[in-house]
Amino acid sequence: MNLFRSEEHAKRWNGYDAAMVAAIKPVAEWAEIFSNPFFRQRGRPDYISWTRTEEGGAAFKELRSHLPRPVEADS
Amino acid sequence: MADLELLDRGYSAIMAEVVDCGRAPHFTELAADLDIEIDAARELMHELVGMTPGWVHPGTDLLASFPPFNMQPTQYHVTIDGQSGWYAQCGLEATAMRWLVPGKTIRIEAPCLCCGESMVLEMCDEEIVSVDPEPMVGYTSAEIGGAADSRPFR
């Protein structure tokens with residue numbers, strides 16, 4: 001899970017996998033995904049308990065809905 | 001398995017120290033901090049790692065990654081309000097560090113894995129302060145949340 005200077009640079013990386021092309025996103029989009037409460041709440045003193053609440057479960061479900069999947073997994 | 005209250009205290013204690021100084025407590029230090037037996041602290045640390053996208057160095061009890069931070073240096077050098085000493089687990093988790101230091105500016109400096117040229121990203125709370133170069137992207141070749149044994153390598 002890395003940052004690149006541009007989409008072209010990501011595609012030229014020797015670890016690039018075309019099946020995960022949907023994972024190339026502007027850094028601002030990734031920053032939005034990583035703004036999910038699952039990340040925002042890490043500083044609370046009851047974080048592990050929180051992840052098991054209805055609110056935590058909903059946050060995780062919402063996060064998963066935004067994560068890119070390999071092309072094969074969608075077909 | 002540790003009870004939820006102890007899991008909460010353990011997670012919070014580890015995170016607080018990593019945020020404070022960029023290193024995770026050894027399980028012996030965690031034991032003293034939480035006032036529990038040393039073996040219980042060692043098991044607690046492994047349990048917490050199993051619940052989060054972090055890892056210990058293979059074959060050891062040494063915490064190597066506690067997201068969004070990494071104890072083992074990565075290419076993602078992080079400064080917090082101008083003070084250096086932290087590393088991000090990965091480029092994407094780096095964007096989540098700001099939530100642990102409200103009101104402070106996170107600066108992430110890293111070389112591009114394609115060309116080695118430098119990139120800088122600055123964030124503070126809800127704001128992306130600067131992106132250099134502007135077309136910077138994030139990319140992962142593996143599904144986020146994938147197999148635990150692939151975490152250090154994706």
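User: Which strand of chain A is joined to β9(B), and how many bridges join them?
Analyst: Bearing in mind that this is a predicted model, strand β1 of chain A, residues 2–4, is joined to β9(B) by three bridges, and the two strands run antiparallel.

User: And what stands opposite A:L3 there?
Analyst: Opposite A:L3 is B:G138, a residue of β9(B).

User: Zooming out, how many residues does each chain give to the contact?
Analyst: Chain A contributes 36 residues to the contact, and chain B likewise contributes 36 residues. On the side of chain B that touches chain A, at least two residues come from each of α1 (4–21), β7 (118–124), β8 (127–132) and β9 (137–139).

User: Which element gives the most to that side of chain B?
Analyst: That is α1(B), which gives six residues to the side of chain B that touches chain A. By class, the residues on this side of chain B comprise 26 nonpolar, six polar and four charged.

User: Switching to domains, what does the assignment give for chain B?
Analyst: The domain assignment of chain B lists domain 1 as 4–66 and domain 2 as 77–132, and the centres of these two domains of chain B, taken over C-alpha atoms, are separated by 24 Å.

User: How many residues does each domain of chain B put into their contact?
Analyst: Domain 1 of chain B supplies four residues and domain 2 of chain B supplies five residues. The side of domain 1 of chain B that touches domain 2 of chain B consists of two nonpolar and two polar residues, with no charged residues.

Definitions and conventions. Residues numbered from 1 in each chain as written. Chains lettered and ligands numbered in written order. Predicted model: local features only at pLDDT ≥ 70, side-chain atom pairs only at ≥ 80, totals over all residues. Contact = placed C-beta atoms within 7 Å. Helix = DSSP H or I, 4+ residues; strand = E, 2+ residues; numbered from the N terminus. Nonpolar A, V, L, I, M, F, W, Y, C, P; charged D, E, K, R; others polar. Pairing = 2+ DSSP bridges. Domains from an automatic or database assignment.
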